Amino acid sequence: MRPNRVNSTCMSHQPNVFSPPGTPLLDRTVGELVAERPGRSRVFHSYNIDFCCQGGRTLREACARKGLTSDLVVEQLEAELADPSPPARNPANLPPAELAAYIVETHHGFLRRELPRLHAMSERVAQVHGGHTPALVEMFHVFIGMEAELTGHMLKEEQILFPAVVALTLGGPAPGSLEGPIACMIHEHEEVGAALDRLRELSHGFKPSPDACNTYRALFAGLSDLEQDVHRHVHLENAVLLPAARKLAEKSR
Ligand SMILES: [Fe+2]
Ligand SMILES: [Fe+2]
């Protein structure tokens, strides 16, 4: 069974994404499971299950692709559910316009602070250590491609797509079809995801060699943090905001 991924009451404070009650965890999408409880992302990270660009897969499909015993993953997701600590504020529950503002402030803000810092460190590490570790030079080239992609991508969201979502939530018409911009954003998310995968591969999981200098270590730690933040960011857009924008556009027709 494929879940209904967007709540028809997405302008309320109800979660934007849900499955019919009683749907087994294995038949829900991994994107939806994280949207419902962000703490589940820790379990998916530990198994390297992609919940953002590939968040439309059911948990059953995702486990099968990784060759994982699904019972073990379900057990850990259920243990997370039993965690007695109060859940952190879940941005997936915000109405679409507030979610767009949250993404700009939190995730675009993070990228605008981190990208220049990581650019400078990656360039320096490639210059100093690239002679004996050519992967560091390739990492710099992958990084600058990803940086350019992300910079243009954020502007398109902030200047075109997100204002259109806000206009729709206010009851106005969409300024033209949103299908093209949404498809473009999803494609660019996949490209950024591929660049992050390549950086992870070239850096052996962002693990510096034992004799690495401080800049080298700081770069790898910064890239690992960036990867996690981009995963949360893309997840909120792919699994929550973009489906909600589609639904709003359909209703305005
Ligand atoms: Fe974004
Ligand atoms: Fe995006």
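## A residue to start from

Leu241 touches Pro96, Leu99, Ala100, Ile103 and Leu236, leaving out residues up to four places away in sequence. Contact here means that two C-beta atoms, placed from the backbone, lie within 7 Å.

## The model and its confidence

This is a predicted model, in which local features need pLDDT of at least 70, side-chain atom pairs count only at pLDDT 80 or more, and totals for chains, interfaces and linings use all residues. Residues are numbered from 1 along each chain as its sequence is written, while chains are lettered from A and ligands numbered from 1 in the order in which they are written.

The protein chain averages a pLDDT of 87, and 91% of the residues score at least 70. Residues 1-16 fall below 50, and this stretch has 42 contacts in the model beyond near neighbours in sequence. The score, pLDDT, is the predictor's confidence in each residue, from 0 to 100. Where pLDDT is low, the predicted coordinates should not be read in detail.

## Two domains

The domain assignment gives domain 1 (1-93) and domain 2 (95-252). Such bounds come from an automatic or database domain assignment. The domain centres, taken over C-alpha atoms, are 21 Å apart.

## The core

The largest nonpolar core has 58 residues. Val30, Val165, Val240, Leu241 and Ala245 have the most contacts inside this core. A nonpolar core is a set of buried Ala, Val, Leu, Ile, Met, Phe, Trp, Tyr and Cys residues joined through C-beta atoms within 7 Å. A residue is buried with 20 or more other C-beta atoms within 10 Å of its own, exposed with 12 or fewer, and partly exposed in between; C-beta atoms are placed from the backbone.

Several helices supply at least two core residues each, including helix 1 (30-36), helix 5 (96-129) and helix 8 (214-252). Helices are DSSP runs (H or I, at least four residues), numbered from the N terminus. Helix 8 gives the largest share, 15 residues. Domain 1 and domain 2 each give this core at least three residues.

Helix 8 has 39 residues and reaches 54 Å from its first C-alpha to its last, close to the 57 Å expected. The expected span is 1.5 Å times one less than the number of residues. Helix 8 bends by about 35° at Glu237. The bend is the angle between axes fitted to the seven residues ending there and the seven starting there.

Thr215 is found in helix 8. Thr215 is partly exposed, because 15 other C-beta atoms lie within 10 Å. Thr215 contacts Met121, Arg124 and Val125, neighbours within four places in sequence aside.
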